[in-house]
Amino acid sequence: MSRTVNSNVIKESAARKVFRVFNVLFLTLVCFIVVIPIWNVLITSVAEDKDVMGGVYLIIPKSFTLKSYARVLNSGYMRGFWNSLFIAGVGTVVAMLITVPMGYALAQRKLVARNFFMKMVSLTLVFDAGIMPLYVLIRTLGLIDNSWSLILPFAVSTFNLIIVKNFMMSIPESFVESASLDGCNDLMALVWIVLPMSVPILAAVTLFYFVSFWNRYTEAVMFINNSARYTLQVMLRALIYQSDGSLGEGNIVYENTKMAVMVLGMLPVMIIYPFVQRHFVSGLMLGGVKE
Amino acid sequence: MKTKATKNAQVINQPRGSLRKRIWKQRWLLMMLIPGLIWFIVFKYATYAGLSLSFTNYGFRKTVSFVGLRNFQRLFRSASFWNAFRNTIIISLYNIVFYFPFPILIALLINELRSVHSKRTVQFLIYIPYFFSWVVVGTVFVNLLSPSSGIVNQILKSLGLDTIYFMSDVRWFRKVLILSYIWKQMGYGAVIYVATLSTVDPQMYEASEIDGCGKFRQVLYITLPTIKPTIITMLLLNLSHVLMIFDQVMVMYNASVYSVSDVLQTYSYREGVLTGNLGFGTAVSLFVGVVSLLLVMGTNWISKHFLEDSIL
């Protein structure tokens, strides 16, 4: 009897060992599939011209030079970079200034007409009017060719608003109540008590907003026709998909220079991500988009 | 100071004063709400109202007149609309069938890793592409799949197979769309599921092991029920925008694959913005919005009745 149990345990653990090895191998493979294309972009951008000619996919670096970056720094792509940075920077600040107070107000169970406001907000999560009415609105407001057309319409993401609200609802009400007994109004309670307790969610939402402004493409194509105001993503798409000759000698843009523009297009996000990442698990329990 | 505090305490004791008193008491809260409310009215509810343009011949010309359902009649008779509709449905089905289960699977596997450190590393790495724009992701796939320098075609060549023009081959383009979608989005979903999985009490697993439960049955009876609400939430969120697929196609498609990749949003953009029939383009928008809404409501109804779980 005891022998069969033992052999069962041994068989079980052997099967699990095999599973664990395969699991580790599989997840390693997944990580490689994610990382290798990014690695390729990075090392292509620092390779010499001769190493990127003739159709190679670099995985092992062959050379290191910052020549491509020097070319990009002196090109029109920098204007796109600054345009994008303005939109993403100002956009994120505006978005946080609207989203955080609104999330806080909606998190207060005592709020007048709270149900109505919540319904008004939640509806936008499931029904979207699509791109045409927004285009008409932007035209009507006279914002075509204006950078604000890429800031104002995206200043609130319902999804971000709801995760901020849910996080703030999880803060015990007694904190805010005792503050109000001490003579704090709601604004002071938000600034001095709730905000310091909400750092993880604020970090995550700030990154999400920044990324959404920085990466926006289709609307940038639709709303901005003046080439002086193009965003970097629009310029990058044009560079990759239609060879244009503003960067290379003659009409050839070397692969390394294209990839240097790519790195520029990923740069701010990649700088912020590692700092914000540790807040993600605590900040992003989705458990409730549920009200 | 003291009188103010007692006054506040009294108000807290009797929460339902007259409406005017409550509003005055909550003036700070309401002021915080106002910028957001204005935003929702201008950029959401005004665009809902703007959908009424689909019953007009609104365009770049001066006069606008009411045309009833004529835009919709034209829409439903247009072959390119039905082609775009078919493409949208096919790509959405690919999305639900091939993409949707993927992050769940990855999360279950990450959850089986023993060391906290490797769990974190895997999550950190696979989350990265989520922060890339579609332009960046599109370029990554152009590089990977390029007929001359792409690594995939180099592997095919070394195996003695023919070069495949993935980006311009109508048989391959939709597969490229969904593969790049998985590459970009899987980390985001996986991290959310892993976070939910970490709420399972380890004692449940221990207890079930003592009762002779195998690993597979543990997944079936403990793990999946735990993440069921998250799965349903993610499914509904996914359904609410799956028909709105736009950025990815705008970035990645080209003339040679229009026939298999023109979706409702790109069709609406071309008809509305490029051709100038804004009323007609809006009719397409309204159609997509309503179908999406029905899809979400229907799924929510099903999950409420059969899985006793819903988000709405």
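Before anything else, I wrote down what "in contact" means here: two residues are in contact if their C-beta atoms, placed from the backbone, lie within 7 Å. I also noted that I'm working with a predicted model.

**Entry 1: one methionine**

I started with M132(A), which sits in helix α5 of chain A. Which residues is M132(A) in contact with, leaving aside its neighbours within four places in sequence? I found S268(B), G272(B), L278(B), G281(B), T282(B) and S285(B). Is M132(A) buried or exposed? I counted 32 other C-beta atoms within 10 Å, and 20 or more are enough for the label, so M132(A) is buried. I also looked up F175(A), 43 residues apart from M132(A) along the chain, and the C-alpha atoms of the two are separated by 45 Å.

**Entry 2: the helix around it**

Next I followed helix α5 (residues 131-140) of chain A over to helix α3 (residues 27-50) of chain B. Their axes come within 9 Å and cross at roughly 105 degrees. Angles of 65 to 115 degrees count as roughly perpendicular, so that is what I call α5(A) and α3(B). On the α5(A) side I listed P133(A), L134(A), V136(A) and L137(A), which meet A46(B), T47(B) and G50(B) in α3(B).

Then I zoomed out. How many residues of chain A are in contact with chain B? I got 73 residues of chain A, in contact with 80 residues of chain B. The largest share of chain A's side, 12 residues, comes from helix α1 (residues 2-45) of chain A. I sorted chain A's side by class too: 52 nonpolar, 15 polar and six charged.

**Entry 3: a helix pair inside chain B**

I picked helix α7 (residues 116-127) and helix α10 (residues 173-197), both of chain B. They pack at an angle of about 145 degrees with their axes 7 Å apart, and their crossing is left-handed. From α7(B), the contact uses Q123(B), I126(B) and Y127(B). Among the α10(B) residues I jotted down M186(B), G187(B) and Y188(B). The class count for this contact is seven nonpolar, two polar and no charged.

**Entry 4: domains of chain A**

Last, I checked how chain A is divided: domain 1 is 2-65 and domain 2 is 68-283. Their centres, taken over C-alpha atoms, are separated by 33 Å. Seven residues of domain 1 are in contact with eight of domain 2, and domain 1's side has four nonpolar, two polar and one charged residues.

Methods:
Residues numbered from 1 in each chain as written. Chains lettered and ligands numbered in written order. Predicted model: local features only at pLDDT ≥ 70, side-chain atom pairs only at ≥ 80, totals over all residues. Domains from an automatic or database assignment. Nonpolar A, V, L, I, M, F, W, Y, C, P; charged D, E, K, R; others polar. Helix = DSSP H or I, 4+ residues; strand = E, 2+ residues; numbered from the N terminus. Axes fitted to C-alpha atoms, helices over the stretch in contact; angles between N-to-C directions. Left-handed = near helix turned anticlockwise from the far one by under 90°. Parallel < 35°, antiparallel > 145°, perpendicular 65-115°, else oblique. Buried ≥ 20, exposed ≤ 12 C-beta atoms within 10 Å, placed from the backbone.
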